[in-house]
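Work through the exercises below with the structure open beside you. Try each task before you read its solution.

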Amino acid sequence: MLIKLIKYEILADYKKYGIMGIAIVALAILALISEKTAPLYGSSGYGYSNFISAVFAISSVFIIFAASILLIVLSTIRFYKSFLKDEGYLMHTLPVHTWQLIASKLITAYIWFLFLLIISAVYVTILNGNITWIKDFSEGFSVGFYGESEYFLNSLMISSLISVLLTPFSYLAHIYFSFALGNLFSKNKLAMSVVMFLAINFAERVISSVLMTAYLVSINVDMTLTEITNSNTLLSIVLSVIYLIAAERIFAKKLNLE
Amino acid sequence: MLLECNKLCKYYGDKAALNNIDLQLERGKIIGLLGPNGSGKTTLIKILSGILTPSGGEVKISDKNIGIGTKKIVSYLPERTYLSDWMTVQQTLNFFKDFYDDFSMETALDMLQRLDIQTSEKLRTMSKGTREKVQLILVMSRNAELYLLDEPIGGVDPAARDHILKTIISNFNENASVIISTHLISDVENILDDVIFLKYGNIVLHSTVDEIREQNGKSVDALFREVFAC
Amino acid sequence: MPWNFNSNTPIYVQIIEQIKFSVAVGEYKAGDKLLSVRELAAEAEVNPNTMQKALSELERGGLLYTQRTSGRFITNDEAAIKKLREQLAEDQVENFISKMKLLGYSPDEAAELMKKYNRK
């Protein structure tokens with residue numbers, strides 16, 4: 001049943017992500033063409049091509065960021081429409097468990113996330129004209145934080161990578177839980193979901209800073225950046241799992257579609 | 001007993017949409033759930049289909065609590081369009097086939113053909129009326145035990161109305177029951193076994209159509225107008 | 001056959017009357033096979049249970065009979081059909097006479113009017 005649900009989740013949004021993917025690749029190719037064809041010292045002024053290159057170079061930093069935001073936005077819209085609006089009448093009367101419905105949405109979001117990561121990598125590769133950027137990036141990262149360039153994959157990189165990969169998970173868990181809490185209100189469910197989202201966000205910040213401060217002050221002052229990243233990630237995983245379980249319980253036991 | 005409700009209530013805030021409903025329904029019946037707007041018809045149907053949680057009381061369908069087990073045997077037609085508009089008719093058929101073991105592709109294709117609806121058509125390009133017909137076909141092509149039809153003839157023309165009623169008559173079997181909620185009583189009166197009148201969340205009458213006609217010498221529609229006269 | 005229902009008497013009673021009438025006027029002949037309950041119900045747009053109830057009643061009265069494998073038929077008993085026709089005719093006369101009485105005509109006067117009407 002889970003596989004079938006995922007199949008229809010993918011079918012529902014593949015065009016949107018497809019267009020996004022094509023747009024990103026097209027942008028990269030456009031950048032490449034403009035870089036190659038623009039005169040290095042044109043009549044319009046000095047360094048026109050350099051300017052374009054610079055813009056596209058910066059864009060490659062932001063592209064994955066932008067793609068992640070789009071992913072969160074699209075996944076949230078999809079969740080809201082198919083879970084709590086008209087289509088919810090069909091989804092919630094299917095003979096499937098609530099956790100399967102939620103899991104299918106989460107897994108599908110990860111499939112798109114993976115897709116966008118790959119597309120982003122393609123974008124950067126096209127812009128650079130080769131794939132040595134991976135090594136550059138990794139080296140830059142290592143030098144920046146460690147002052148040593150020999151490690152291709154050091155522990156901080158892995159920690160950071162895990163934390164990046166978990167970002168959609170924690171965001172979506174947070175959003176699903178907000179919708180679940182909003183659903184408990186008898187009126188203005190959507191508005192209450194937004195309020196809940198902000199409230200959870202605030203509570204999370206407070207908890208996390210209190211925990212961090214307590215940890216740093218009382219136990220271990222010499223925490224490395226890797227350890228901080230790891231404990232943040234761990235906290236985020238724990239909270240996200242709690243959110244997901246709570247959301248599942250609420251939707252399973254207290255569902256009230258308007 | 002196919003359906004049993006004991007002291008079923010539903011509150012929205014402090015307003016009671018259903019007020020201690022006791023109800024028992026047998027198999028093999030077509031039941032009219034009648035009442036003006038806001039009487040609790042949709043609320044009751046939504047509870048039975050599992051998309052509303054009751055505030056109190058107990059519901060059993062075929063001796064099961066509402067959940068995955070009842071969703072397998074309940075076929076629900078809401079009063080709104082619930083199909084994703086990116087789907088073609090064929091995709092909606094596949095969807096039902098994928099999720100409902102009791103779905104008959106053959107029955108559905110046969111009904112679609114009779115209504116001249118192409119399976120390659122996208123729901124997005126269809127009129128609201130046609131989309132409603134597709135939904136009814138999907139719902140009635142399941143071999144379910146309880147059909148919940150919320151206002152199935154609400155906005156359709158008389159020809160479609162006749163077809164919908166014929167579809168309901170020819171698809172249900174003696175192991176199943178159909179609950180039709182409507183405020184257009186005269187249109188459905190002839191196909192009903194039993195009627196339930198709901199008023200402000202209470203059942204004010206539960207009787208057979210024959211009894212009503214024999215005892216009162218008038219139609220259910222006429223009786224309804226009396227009971228709900230302002 | 002076309003079905004017409006009023007809204008004040010139970011549907012099954014009206015179905016019984018209408019089938020009887022169809023047999024009496026020869027729309028259904030002795031030994032004719034009827035459609036299935038479901039088909040008849042769909043045709044008349046009535047509940048299958050109601051149709052079933054009406055047909056069972058007619059069967060009890062002897063106008064219909066069921067063969068277990070092949071379906072439901074109009075009786076082969078021509079005498080019974082003749083009797084049914086007479087019965088329905090008698091009902092019509094009774095109805096006519098009682099209405100005429102209300103209008104102030106005696107049965108003889110009513111019969112006289114009837115003859116006049118027929119000569120026109």
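The exercises that follow concern a predicted model.

**Exercise 1. The sheet of chain B**

Find the order of the six strands in the open sheet of chain B, and name its edge strands.

Solution. 
- Step 1. Read across the sheet: the six strands of chain B come in the order 5-6-7-3-8-9. The pairing is mixed.
- Step 2. Look for strands that pair on one side only. In chain B these are strand 5 (74–77) and strand 9 (202–208).

**Exercise 2. One strand pair in detail**

Do strand 3 and strand 8 of chain B pair in the parallel or the antiparallel sense?

Solution. 
- Step 1. Strands of a sheet pair through backbone hydrogen bonds, either parallel or antiparallel.
- Step 2. Compare the strands. Strand 3 (residues 30–34) and strand 8 (residues 194–199) of chain B pair in the parallel sense, over four bridges.
- Step 3. B:L34 has B:F197 as its partner in strand 8 of chain B.

**Exercise 3. Two faces of a helix**

Which residues of helix 4 (residues 105–114) of chain B are buried, and why do they line one face of the helix?

Solution. 
- Step 1. List the buried residues of helix 4 of chain B: B:A108, B:M111 and B:L112.
- Step 2. Look down the axis of helix 4 of chain B. The buried residues fall within an arc of 100 degrees, so they line one face.
- Step 3. Recall the geometry. An α-helix has 3.6 residues a turn, so residues three or four places apart point the same way.
- Step 4. Turn to the other side of helix 4 of chain B. There B:E106, B:Q113 and B:R114 are exposed.
- Step 5. Find the packing partners. The buried residues of helix 4 pack against helix 3 (89–99), helix 5 and helix 6 (158–171) of chain B.
- Step 6. Step past the end. Just after helix 4 of chain B, B:D116 takes a positive phi of about 60 degrees.

**Exercise 4. The contacts of chain B**

How many residues of chain B are in contact with chain A, and how many with chain C?

Solution. 
- Step 1. Take chain A. Here 21 residues of chain B are in contact with 19 residues of chain A. Helix 3 of chain B gives the most to the chain B side, with three residues. That side has 11 nonpolar, six polar and four charged residues.
- Step 2. Take chain C. Here 18 residues of chain B are in contact with 15 residues of chain C. Helix 2 of chain C gives the most to the chain C side, with three residues. That side has eight nonpolar, five polar and two charged residues.

**Exercise 5. Inside chain C**

Solution. 
- Step 1. Inspect the contact. Eight residues of domain 1 of chain C touch five residues of domain 2 of chain C.
- Step 2. Find the hairpin. Strand 1 and strand 2 of chain C form it, with three residues between them.
- Step 3. Check the direction. Strand 1 (residues 64–67) and strand 2 (residues 71–74) of chain C run antiparallel, joined by four bridges. In one of these strands, strand 2 of chain C, C:R72 is the bridge partner of C:T66.

Definitions and conventions:
Residues are numbered from 1 along each chain as its sequence is written. Chains are lettered from A and ligands numbered from 1 in the order in which they are written. This is a predicted model: local features need pLDDT of at least 70, side-chain atom pairs count only at pLDDT 80 or more; totals for chains, interfaces and linings use all residues. Two strands pair if DSSP finds at least two bridges between them. Two residues are in contact if their C-beta atoms, placed from the backbone, lie within 7 Å. Ala, Val, Leu, Ile, Met, Phe, Trp, Tyr, Cys and Pro count as nonpolar, Asp, Glu, Lys and Arg as charged, and the others, Gly among them, as polar. A residue is buried if 20 or more other C-beta atoms lie within 10 Å of its own, exposed if 12 or fewer, and partly exposed in between; C-beta atoms are placed from the backbone. The arc is that of the directions from the helix axis to the C-beta atoms.
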